[in-house]
Amino acid sequence: MNRHMHHIKKAIYVMIAVCIWLSVWQYAALRIDKVFFLPSVTDTWKALQKLIVSKDFFYILFRTLSKISKGFLFALFFGTILAVVSSLSDFIKMLFLPVLKLIKSIPVASFIILALLWIHSSNLSVLISFLMVLPIIYINVLQGIESVDVRLLEMSKVFHMGRIRRVCFIYIPHILPFLISGCRIGLGFCFKSGIAAEIIGLPAGSIGERLYKAKLYLMTDELFAWTIVIVLVSILYEFICMKIIHVLAQAVMSMSSRYSGYRHKKNNCYHVNKIICENISKTYESQKVLSNFTHTFSNEKTTCILGSSGIGKTTLLNILAGISSSDSGSIHFLTEESVLDNAKVSMVFQEDRLLETFDAYTNIQAVYGKTYDINFIRKQFEAVGLTDYEQKPVNKLSGGMKRRIAIVRAMLSDAPILLLDEPFKGLDEHIKQQVIRYISRQCRDKIIILVTHDRTDIAEMNGVELELNHAAPPKNLRFPVQ
């Protein structure tokens, strides 16, 4: 109700402002009393009525709008394609950069005059509209691609999300707001530059030609009438285009949310019994985080890693998950039959790393495809006490609800290794106990490594303590040759 009243109040203010300026215009025209210099509001209104009822008015309007729209659509398509290609290679990005900077820097009038040397004036507004909008779309889309959350990309790597799912669930939702913003800015430039091209090129049957003739023959009232038409059509054109773009964006998002891809491939080839870490070291910007860390993790009990902040707990999990690599040392995964250099893992990150614009079900199916249907996923959510989450995007849920979705996502993996980075953060005690029971049921015989600051988690998870510090490590452990 308050929002509705706010819109009404705003509309009234706009109407009052328009009436005031029309009154100022009318008063100035009466004082000057020279129609060819400043026509009155009434003279302009009569000229506008005459324009609208003329037989070729809508034909001229359609011709101009169709050419400008064509230029905008070309810019939208090629700007997006160029941005995607540029994001794949720094060389390609640098190759396009001088050209786009040149297009942005050269005045519109210079472009129009140069273009008239090479193309017919009838196609001039298409080219100029295209050139003015291309850099805007390119820069916005490229910025959207480059600012995609790296943590989500790491999550997709850990859970082996396919390339198509990664595009549908991570890239497209993030890029769309940048693209829409670019379209909003580009539409204004597109319309203005297209009309300017017509005024200089004078293609037959265009708004630009009519504006030029009205000025040439001192038909100022008609000139004002065409200007009003341009302003009104520009506002309406931008409004309609943005509505269409928003509808298409919602359709793309809806298609992305429904895409579940091929069935997730289950890993049934090996069962990891031990992880042997030997002399693992990691340095970030001259700061030593891990120093010759050596330890053997087994599936007999949960390993609970404790230690002060910044000691390297999360870094160790990231190295085990393959998100980052160590500077030195080695990691080996022992199965009953062989020794592997890498293995599939599942992970609850320190942050939730969820797809915020999608609902809870989609967050699971984005990772696992058609492996699990909605009814099965609903039962998993019930097992961790999650309610009142359906038909809501994740960004509308509480922190504790998000945390449980992230936990369920990790538990449904068939990976033989589970990494938990402060998984109970934000959960009250009752929910925490429920989640611990759920993890225990889901993860029998898995190697579980838990990072925590709470020592009570050790007993509750039936775990063994591993205090991480910068002390001298024990002697190197050698893994047995199978």
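At 31% relative accessibility, D454 counts as partly exposed, where buried means under 20% relative accessible area, exposed over 50%, and partly exposed in between, with a 1.4 Å probe and protein chains only. D454 meets K432 in a salt bridge, at 3.6 Å from N to O. A salt bridge here is a side-chain nitrogen of Lys or Arg within 4 Å of a carboxyl oxygen of Asp or Glu. K432, at 6% relative accessibility, counts as buried.

This is a predicted model, in which local features need pLDDT of at least 70 and side-chain atom pairs count only at pLDDT 80 or more, while totals for chains, interfaces and linings use all residues. Residues are numbered from 1 along each chain as its sequence is written, and side-chain values use heavy atoms, with hydrogens and water left out.

**Salt bridges**

The structure holds 18 salt bridges. Side chains of opposite charge can pair when their charged atoms come close.

| D352 | R403 | 3.1 Å |

Helices (H or I, at least four residues) and strands (E, at least two) are DSSP runs, numbered from the N terminus. K432 and D454 also belong to a network of salt bridges that links them with D457 and E460.

D352 and R403 form another salt bridge, their closest N and O atoms being 3.1 Å apart. D352 lies in the loop between β6 and α12 (360-368) and R403 in helix α14 (residues 399-411), so this pair ties together parts that are 51 residues apart in sequence. D352 is buried, with a relative accessible area of 17%, and R403 is buried at 2%.

An open sheet is formed by 5 strands in the order β6-β7-β8-β3-β9, with parallel pairing. Two strands pair if DSSP finds at least two bridges between them. The edge strands, β6 (345-348) and β9 (463-467), each pair on one side only. From one strand to the next the twist averages 20 degrees. Helix α11 (residues 313-321) packs on the sheet, where it touches β3, β6, β7 (417-421) and β8, and its direction makes about 155 degrees with that of β7. Contact means heavy atoms within 4.5 Å; axes are lines fitted to C-alpha atoms, for helices over the stretch in contact, and angles run from 0 to 180 degrees between N-to-C directions.

Strand β3 (residues 302-306) pairs with β8 (residues 447-451) in the parallel sense over 3 bridges. In that pairing T303 stands opposite I449, and C304 stands opposite L450. Strand β3 also pairs with β9 in the parallel sense, over 5 bridges, and the bridge partner of T303 in β9 is V464.

How much of β3 is buried? 5 of the 5 residues of β3 are buried, so the strand is largely enclosed by the rest of the structure. Both faces are covered, with T302, C304 and L306 on one side and T303 and I305 on the other.

In strand β6 lies S346, which is buried, with a relative accessible area of 0%. Leaving out residues up to four places away in sequence, S346 touches F159, A410, S413, A415, I417, L418 and L419.

**A nonpolar surface patch**

Which residues form the nonpolar patch on the surface? They are I113, L116, I199, I200, L202, Y212, L216, Y217 and M219, with about 760 Å² of accessible area together. Patches are made of residues with over 30% relative accessible area and no salt bridge; like charges are joined within 9 Å, and nonpolar side chains (Val, Leu, Ile, Met, Phe, Trp, Tyr) within 5 Å. Accessible areas come from the Shrake-Rupley method with a 1.4 Å probe.

Helices α8 (163-201) and α9 (207-216) each supply at least two residues of the patch. L202 is found in the loop between α8 and α9 and is partly exposed, with a relative accessible area of 32%. The buried residues of α9 are I207, G208, E209, L211 and A214. Just after α9, L218 takes a positive phi of about 55 degrees.
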